[in-house]
Amino acid sequence: MRGTGRRSTARWWCALTFASTACVAPPRPSGTIVYASGTDLESGNPLVTVHPLSRQVQRYVLFVTLARYDSVLSPTPYAAQRWEWSADRRALTLHLVTALRWHDGVPTTSRDVAFTIEAARDPATGYPRAADLAAVAATEAIDDSTIQLRYTAPQPAFPLVLCELPILPAHLLATVPRRDMRRAAFNLAPIGNGPFRFAERRAGDHWSFTRNPDFPAELGGPPRIGSLVVVVVDEATTKFAGLASGDLDVAGIAPTMASLVRRDPSLRVIDYPVLFAVGLVLNVHRPPFDDPRVRRAIDLSIDRERIVRAALAGFATPAAGGVPPDNPFALEATALLAPRTADSLLDAAGWRRGPSGEDLRTRGGRTFAVDLLTVGSGDNAVEQLLQADLAARGIRVSIRQVELGTFLTTARAPEKRFDMLITGIPGDLSLAYLGAMFDSRQAGGALDYGGAHTTILDSLFERTRTSRSTAELRDAWLAVQRELARDRPVVWIYHSRGLQGISARLHNVRMDLRGEMPTIAAWEVAGPPLTRHTVGQAGR
């Protein structure tokens, strides 16, 4: 469902304030922040979520994590106020704050932590970061505020997944079968323990959250804003209009609109790095993409530089693989554009043009025509450029737009019925997302879009799990990337940069590799919503 700028924000505020059928939306309270999302939030349950903004809301709004990243991405204490390793580094003992409660009043204890970790590492749950917990042998709630994780082998460093996996309420979710976790009623009406409480959801329209006045001082105390509303607005021009009118306070903006936002005195632009790669997932289980020569030809046909320049105004980096180049474990590689080599590979695979050289390719009487599945949006410039690049190679691509729920259902289905799909993959510093996509131990999980699993990859992922030093771990991940580059189940297009327009009345907003909301509890609002009109009046 598409948002509609001013009309949409008026609609959600009316719905929150009045129950009558006739409603005139009142002025928005000054302590309310309206945050635009291009799609509806996927879920309130971190165990089954891949949508990047949904994960931000879970980690920083609804729930808390045991540890959190500081501004230089080092783990620091959070819900676990301290921890220590055993002498052999096979046991990690964490000591929790004692004043933290779930929003229904029940205390948060070590039993919740144990439940969360056990559920996350159970393959039936399908948690995308399950590989990061593969070395956990057991969890033990020693007392209400002490939890011990025991490992199968010595651990070289603090497990970063504990900075990203929020604690979940055992008293509400322990009775849900793990295989049914994706369908739990909790997911759409979550009860958290974070700085904000879930207030309301209207499907396809908005999620609203209110300030938790009881959030412990040890964790930063109650947030400084009164409420947060995440409203669905998917049109780039509507987002800009909402920002300029003051109906929206935060919205991701199209790169081509960054200069317009910068010229508006009521707004400012935040440009920041993100762990988010965009790629074409190819269905390797049926023709034409069951042939590695065809997959390689697709990779060599795409003009990534043009896509970054024309569709993203330079706010991205062309991708040669799924790991961003500034990651210390990244394989050194350069994205290539080689149309003649692509033509030769397609010819060798039997997909040939007619005598004129300008026709669509055919093989055995079948035309090379495929669908490209994508999430519905008013802006599909990247898809159109990909369509043009492949048309130049004699491949007809039809763009098929669907809403997010349908997209995820299709991508995650055990039997892959799509030809190819374009998607963004939310990354992490430990590269666990690669395992979630390609390790057969996680087949059927939330990021298993292509079902591309091989015995070679499985053996390489096992090396990443058994590495005993940082050097061994780096070598193992480089080997994984080399094999993915050879087999090409995914053709990576670009590594994103975040670009948000925000109201000038917001303060203490910081966005970086941790995401869009790491400082949201400290965000402050100065005065009523600003517009170009009110800024102009103030200057008179």
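**The largest pocket**

The lining of the largest pocket has 26 nonpolar, 13 polar and 8 charged residues (Ala, Val, Leu, Ile, Met, Phe, Trp, Tyr, Cys and Pro count as nonpolar, Asp, Glu, Lys and Arg as charged, and the others, Gly among them, as polar). This is a predicted model, in which local features need pLDDT of at least 70, side-chain atom pairs count only at pLDDT 80 or more, and totals for chains, interfaces and linings use all residues. Residues are numbered from 1 along each chain as its sequence is written, and side-chain values use heavy atoms, leaving out hydrogens and water.

The volume of the largest pocket is about 1,200 Å³. Among its 47 lining residues, F329, L429, S430, L473 and W477 are the closest to its centre. A pocket here is an open set of points on a 1 Å grid over the protein atoms alone, with protein on both sides within 12 Å along at least five of seven lines; a cavity is a set where a 1.4 Å probe fits but cannot get out, and lining residues have an atom within 4 Å of a point. Helix α13 gives the most to this lining, with 5 residues (helices are DSSP runs of H or I, at least four residues, and strands of E, at least two, numbered from the N terminus).

Finally, turn to helices α7 (residues 292-301) and α9 (residues 339-348), whose contact residues divide into 8 nonpolar, 2 polar and 2 charged.

Methods: Axes are lines fitted to C-alpha atoms, for helices over the stretch in contact, and angles run from 0 to 180 degrees between N-to-C directions. Grid points are joined across faces, edges and corners, and a volume is the space filled by probe spheres set on the points.
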